[in-house]
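Here is a friendly walk through one protein model, written for someone who likes cut-offs stated plainly. Have the viewer open and follow along.

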Amino acid sequence: MNAFHGITLHPDTAAFLARKQRMLIGGEWVEAASGETLPVMDPASGETFCRVPAGDSPDIDRAVAAARRAFESGDWPRARPVDRERLLLKLADLLEAHAQEFAELEAIDNGKPVMMARHVDVALSVDFIRYMAGWATKLDGSTMELSVPLVRDKEFFGFTRREPVGVVGAIIPWNFPLLMAVWKVAPALAAGCTMILKPAEDTPLTALRLGELAQEAGYPAGVLNVVTGLGHTAGAALASHTGIEKIAFTGSTEVGKLVGKAAMENMTRVSLELGGKSPVIVLDDVDPAVAAAGAAQAIFFNQGQVCTAGSRLYVHKSRFDAVVEHLAGIAAGMKMGPGIDPGTQIGPLVSKVQQRRVMEYVQSGYAEGARAAAGGAAGDGPGCFVKPTVLVDVREDMRVVREEIFGPVVVAQPFEDLDEIARRANDTPYGLAASIWSNDLSRVHRLIPKIKAGTVWVNCHNIIENVMPFGGFKQSGIGREAGRSALELYTEPKSVIMAL
Ligand code: NDP
């Protein structure tokens, strides 16, 4: 396949798509033990364009055994911190050298615009691996002065070591397939862990290609294993496996709870990055055109399939009509098309299932009295498109206001004062992110501590940074990825007390 939707593919992309896809276990590219495969669909046309192995419990067992062997023997446990740093830097260089191929694979597999994939997903992934590479040589402990009672005639010395947690299972979603893989792979490998990565069934391709690059970079067999398969089979087998020490999950709150319960059964360390229903709060000093552009970026980026999507827009009542009018204009003007087309601004959703789910939410909004100021319908044709949608005349008790839609749908409501807006912004089970739009520093600073969210943006939204901890309050998850906090997820502190 040399072209997709009339767009000529990079030769490396075409070469990857021409290969029979296998999964990576113990340094070998293998089929599923069952021999079964899963279809991979082009969301812009609804057609299957390749197949990947349907890994299941026996494949997870094989991968865990390979990761265990690699963790306990061979070259990996002997690798010095500086070797782990070098390998990650090599992986980042290879990814950068293949940036266009990864962007095209992501655009074809997920549906996202290829320019976004290149300049957001791939660029952030390269930077993130390099950032985490630096941590491999900076994992340290502390020395402590001890005050041991009773044995006064002895001296004691205490210190802590930070050790890799062990074999890690990582289950990732389909909205940022490469970036979410890298958010788990890079800190785990920097810390000296070995791992099994299970990509989402809808978007397995870049994880498989990342496995190839890891081999090329020189990672020993079994350090990184990639098992493709379904969530309720391969994913569930990984989450409940007694052979892993840590499970890292990103996805829905519903499945996150299942993964958390399975982990607790074995006392497996667990981190969960889950759903959100993030508010965008526009105060009365903001230019409506600026606020609308910000709100559009907050909700329509990645077709709204973003855990931090600004899906609840609250605008001071003095600016509400103007902001909604501008936003509806932006939504109506966005160019919809296949992700692989460089002119596309809004691509299809990832799957028919997701398109149906989002459209059911829109219909429920209509049934409860909401009105579409823009969009509010699926795209024409067989692809999984949903038009960028702005819903107004909504109430706090509507499903479209309360539940995560995970599509290009924003609900817009007016508010009157700061106390009211803090209460309404927090009136959700989620607490992942929020943005405040205002140049009034005093009011912004008063609002920030009141917002129950892991990230608060001011005059921006969806800015993800390698160095900043990322995660949620409340039902948006447990733990913080990115920044120094990510290393804590993949290491265990060990206390050592020596009698001298
Ligand atoms: P899921 O939470 O079901 O999927 C996330 C990952 O978990 C995928 O790899 C999935 O595999 C896997 N998985 C599914 N079931 C299990 C299980 N029982 N045990 C272990 N792993 C499992 O999200 P969906 O893809 O179904 O999307 C549903 C909704 O979740 C979206 O509409 C959105 O609201 C939310 N979501 C939120 C995300 C976020 O970043 N906050 C990301 C993705 C979705 P498989 O792909 O095979 O199902």
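## Ser-125 and its surroundings

Setting aside neighbours within four places in sequence, Ser-125 is in contact with Leu-95, Val-120, Leu-178, Leu-179 and Val-182, where contact means heavy atoms within 4.5 Å. Ser-125 is found in helix H6; helices (H or I, at least four residues) and strands (E, at least two) are DSSP runs, numbered from the N terminus. With a relative accessible area of 0%, Ser-125 is buried. Here buried means under 20% relative accessible area, exposed over 50%, and partly exposed in between, with a 1.4 Å probe and protein chains only.

The side chain of Ser-125 also reaches the backbone oxygen of Asp-121, at 2.6 Å. That is a polar contact: a pair of N or O atoms within 3.5 Å where, within protein, one must be able to donate a hydrogen and the other to accept it, and residues adjacent in sequence count only if both atoms are side-chain atoms.

## How to read the model

This is a predicted model, in which local features need pLDDT of at least 70 and side-chain atom pairs count only at pLDDT 80 or more, while totals for chains, interfaces and linings use all residues. Residues are numbered from 1 along each chain as its sequence is written, and side-chain values use heavy atoms, with hydrogens and water left out.

## Two buried lysines

Is Lys-112 buried or exposed? Its relative accessibility is 0%, so Lys-112 counts as buried. Lys-112 is found in the loop between helix H5 (99–110) and helix H6 (114–135). Its side chain makes polar contacts with the side chain of Asp-121 at 2.5 Å and with the side chain of Asn-302 at 3.1 Å. Beyond four places in sequence, the residues in contact with Lys-112 include Asn-175, Phe-176, Pro-177, Gln-303 and Gly-339.

Lys-198 is found in strand S10 (residues 194–198) and counts as buried because its relative accessibility is 3%. A polar atom of the Lys-198 side chain lies 3.0 Å from the backbone oxygen of Gly-229. Leaving aside neighbours within four places in sequence, Lys-198 is in contact with residues including Ala-170, Ile-172, Val-227, Gly-231 and Leu-238.

## The ligand site

Which residues are closest to the ligand? Of the 28 residues that surround the ligand, the closest are Ile-172, Trp-174, Glu-201, Gly-231 and Ser-252; a residue counts as near a molecule if one of its heavy atoms lies within 4 Å of it.

Oxygen atoms of the ligand lie 2.5 Å from a polar side-chain atom of Glu-201, 2.6 Å from an N or O atom in the side chain of Ser-252, and 3.1 Å from an N or O atom in the side chain of Gln-354. Taken alone the ligand exposes 840 Å², and the protein buries 88% of that. Accessible areas come from the Shrake-Rupley method with a 1.4 Å probe, and for residues only the protein chains shown count as cover.

## Nonpolar cores

The largest nonpolar core has 131 residues, and those with the most contacts inside it are Ile-196, Tyr-219 and Leu-313. Helix H7 (residues 177–191) supplies the largest share of this core, 12 residues. Apart from it lies another core, of 15 residues, among them Val-386, Leu-391, Met-398 and Val-411. A nonpolar core is a set of buried Ala, Val, Leu, Ile, Met, Phe, Trp, Tyr and Cys residues joined through side-chain atoms within 4.5 Å.

Beyond four places in sequence, Tyr-219 is in contact with Trp-76, Arg-84, Leu-87, Leu-88, Leu-91, Leu-189 and Ala-214.

## Helix H11

The 13 residues of helix H11 (residues 288–300) should span 18 Å at 1.5 Å a residue, and the end C-alpha atoms are 18 Å apart, which agrees. The expected span is 1.5 Å times one less than the number of residues. At the N-terminal end, Asp-287 caps H11, with a side-chain oxygen 2.9 Å from the backbone nitrogen of Ala-289. H11 is followed by Asn-302, whose phi is positive, near 60°.

Among the buried residues of H11 are Pro-288, Ala-291, Ala-295, Ile-299 and Phe-300. The helix's buried residues pack against elements including strand S14 (279–282), strand S15 (312–316) and helix H12 (320–333).

## Positive phi in two loops

Met-267 is not a glycine, yet its phi is positive, near 60°. Met-267 lies in the loop between helix H10 (253–266) and strand S13 (269–273), and at 53% relative accessibility it counts as exposed. Asn-459 likewise has a positive phi of about 60° although it is not a glycine. At 32% relative accessibility, Asn-459 counts as partly exposed.
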